[in-house]
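Have the sequence and the coordinates side by side.

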Amino acid sequence: MLTPTAVRRDLRLRPVRPAGWWFDALLLVAFGALTLALARGALLGLDLAVREWAYAHHPAPIYWTARVFNFLGQGGWLLMPFAGALAVAVAWRARTVRPLLLVAGAFVLLYLTVGPLKVLTDRAAPSSDLPPTRSVRIFNDLPPTEYDLSYPSGHVANAIVWYGVIAVLLTALTAGRLHPTVHRLVRFAPPAILLVTTTYLNFHWVTDGVAALLLGLFLDRLLHRVPWDDLPLPGRLREWDRPFISRP
C-alpha cells in the first residue's frame, strides 16, 4: 500500500520543455499584451492589411487547398471524436480508463478558456460586412446577428491542444515506438497549417491566430504537466487503473 509520502511523490507534475513556469508566464504576458494592444487600437491596421492582401490573392487552386487543410482544426466533429476513439483504443489495449481522463481534461480546459474569451472580446470576423474600422475592433458592440467569436482563433487553439493529446495517445498505442519525426509532425504541422489557412481564408484576423497560438501553447503545457497516470481513481476501477503514458 502506498504511504501518504509515496502518493505525494507520485503526484508530482510531469516535466515540460522548456522547464519551469517562466515560459508559461511569458505566454500569458504576451497574450495579455496583445489583447491590450488591440483594445487600444494598435495592430488593427496590420489586421486590415492582411485581410485585403488575402482577398486579392485567392486563385481557385490555392483557395480550395486551404479550405481542405482548414478542416484539420475542426474540434467538434473531427478532433474530439478522433482523440476519443484513440483514447478508447489505448484504454482497451492497456486496460485503463486513464486515457479518457486526458481527453476529458483537454475538452474542459478548452471549454473554460477559449469559449469565454471569444464571448468576452466580441470581435467580428474579417469576412464581416460591417465597415472595416468597426469589424476589426475588439471588445466590440456587435449586432445580435453578427458573428462575434473571432478572438482568439478556436481552430488554432484546438490544433495545438488536440494534436498534442493525439500525439500522446498515438505514442501510447504504439507502445512508445512512434517515430520522433512523426510525433513532431503530428504536434507542430497542424497548428502551423491552421494559423496560415484561417488567416488566408479570412476566417480569422491574423492577430486572432497569434493570440490562439500563445494561449494554446499555455494550455498545452498545463495539460502535459498533469500526472495522468498517478491521479487517484475510485477503488471500483482497480481493474482498469494502469499507467498508459510512455516514459522517456
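The paragraphs below take the chain topic by topic.

The protein averages a pLDDT of 91. Of its residues, 95% score at least 70. The confidence is lowest in helix H1, residues 4-10, where the mean is 42. It is highest in helix H2, residues 22-39, at 98. Residues 1-9 have a pLDDT below 50. Beyond near neighbours in sequence, that stretch has two contacts in the model. Where pLDDT is low, the predicted coordinates should not be read in detail.

Next, the record. UniProt, in an unreviewed entry, places the feature "domain: Phosphatidic acid phosphatase type 2/haloperoxidase" at residues 100-229. In the model, residues 100-229 are 67% helix and 0% strand. The end C-alpha atoms of this span are 11 Å apart.

The unreviewed UniProt entry also lists "transmembrane region" at residues 21-43, 71-92, 99-117, 160-180 and 192-219. Two of these spans can be set beside the model. Residues 21-43 are 78% helix and 0% strand, with their end C-alpha atoms 28 Å apart. Residues 160-180 are 71% helix and 0% strand, and here the end C-alpha atoms lie 17 Å apart.

Now turn to helix packing. Two packed helices are described by the angle between their axes and the distance between the axes. Take helix H9, residues 180-200, and helix H10, residues 206-225. Their axes come within 9 Å and cross at roughly 160°. An angle over 145 degrees counts as roughly antiparallel, so H9 and H10 are roughly antiparallel to each other. The crossing of H9 past H10 is right-handed. Which residues of H9 and H10 meet? From H9 come Arg-187, Leu-195 and Thr-199. From H10 come Val-206, Gly-209, Val-210, Asp-220 and His-224. By class, the residues of this H9-H10 contact are three nonpolar, three polar and two charged.

H9 has another partner to look at, helix H4, residues 60-70. The axes of H4 and H9 come within 9 Å and cross at roughly 130°. H4 is therefore oblique to H9. This crossing is left-handed. On the H4 side, the contact is made by Ile-62, Tyr-63, Ala-66, Phe-69 and Asn-70. On the H9 side, the residues are Ile-193, Leu-194, Thr-197, Thr-198 and Tyr-200. How does the contact of H4 with H9 divide by class? It has seven nonpolar and three polar residues, and no charged ones.

Finish with the backbone in the loops. Where is Pro-18 placed? It is in the loop between H1 and H2. A cis peptide bond joins Arg-17 to Pro-18, with omega about -5°.

The loop between helix H7, residues 132-135, and helix H8, residues 154-173, holds Pro-152. Tyr-151 and Pro-152 are joined by a cis peptide bond, and omega there is about -10°. Phe-139 also lies in the loop between H7 and H8. Its phi is near 55°, a positive value in a residue other than glycine.

Methods. Residues numbered from 1 in each chain as written. Predicted model: local features only at pLDDT ≥ 70, side-chain atom pairs only at ≥ 80, totals over all residues. Heavy atoms only, no water. pLDDT = per-residue confidence, 0-100. Helix = DSSP H or I, 4+ residues; strand = E, 2+ residues; numbered from the N terminus. Contact = heavy atoms within 4.5 Å. Axes fitted to C-alpha atoms, helices over the stretch in contact; angles between N-to-C directions. Parallel < 35°, antiparallel > 145°, perpendicular 65-115°, else oblique. Left-handed = near helix turned anticlockwise from the far one by under 90°. Nonpolar A, V, L, I, M, F, W, Y, C, P; charged D, E, K, R; others polar. UniProt positions renumbered as here; feature names shortened; annotations may be inferred.
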